[in-house]
Amino acid sequence: LGDVYKRQPYDTYFQTQNEIANAYLTLRNQEAQRCYGTSFARCSEDEKAIVSDAYPQRLAEVYHEEKTP
């Protein structure tokens with residue numbers, strides 16, 4: 001049980017990271033469809049750059065150390 005409890009925050013972290021990545025992909029696909037009539041994956045490199053500039057994926061991670069009394 002202890003191992004599961006320790007792993008849970010990491011599982012939550014990766015699950016959250018995947019949800020964020022999927023949200024960006026959804027936005028980029030919608031923008032690519034609107035601008036170019038195709039999915040982001042099928043865009044040219046130039047088109048991908050334009051769409052990525054419209055929806056840049058900028059994330060920062062902040063780590064907090066737990067202090068024990």
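Tutor: Buried means under 20% relative accessible area, exposed means over 50%, and partly exposed lies in between. The model here is predicted.

Student: With those cut-offs, is Cys43 buried or exposed?

Tutor: Cys43 has 5% relative accessibility, so Cys43 counts as buried.

Student: How does Cys35 count?

Tutor: Cys35 counts as partly exposed, because its relative accessibility is 37%.

Student: How many disulfides does a search of the whole structure find?

Tutor: A disulfide is a covalent bond between the sulfur atoms of two cysteines. In this structure the search finds zero.

Student: Which residues form a nonpolar patch on the surface?

Tutor: The patch consists of Tyr10, Tyr13, Phe14 and Tyr63, which together have about 520 Å² of accessible area. Tyr63 is exposed, because its relative accessible area is 69%. In the chain, Tyr63 lies in the segment after helix H2 (45-54).

Student: What does the secondary structure of the protein come to?

Tutor: There are two helices and zero strands. Of the 69 residues in the protein, 12% are buried. The protein exposes about 6,300 Å², with 52% of that supplied by carbon and sulfur atoms.

Student: What share of the contacts with a separation of 6 or more comes from residues 24 or more positions apart?

Tutor: Such residues account for 39% of those contacts.

Methods:
Residues numbered from 1 in each chain as written. Predicted model: local features only at pLDDT ≥ 70, side-chain atom pairs only at ≥ 80, totals over all residues. Heavy atoms only, no water. Patch = residues over 30% accessible without salt bridge, like charges linked within 9 Å, V, L, I, M, F, W, Y side chains within 5 Å. Areas by Shrake-Rupley, 256 points an atom, 1.4 Å probe, with all protein chains shown as cover. Salt bridge = Lys/Arg side-chain N within 4 Å of Asp/Glu carboxyl O. Helix = DSSP H or I, 4+ residues; strand = E, 2+ residues; numbered from the N terminus. Buried < 20%, exposed > 50% of the residue type's maximum accessible area, 1.4 Å probe, protein only. Contact = heavy atoms within 4.5 Å. Disulfide = S-S within 2.5 Å.
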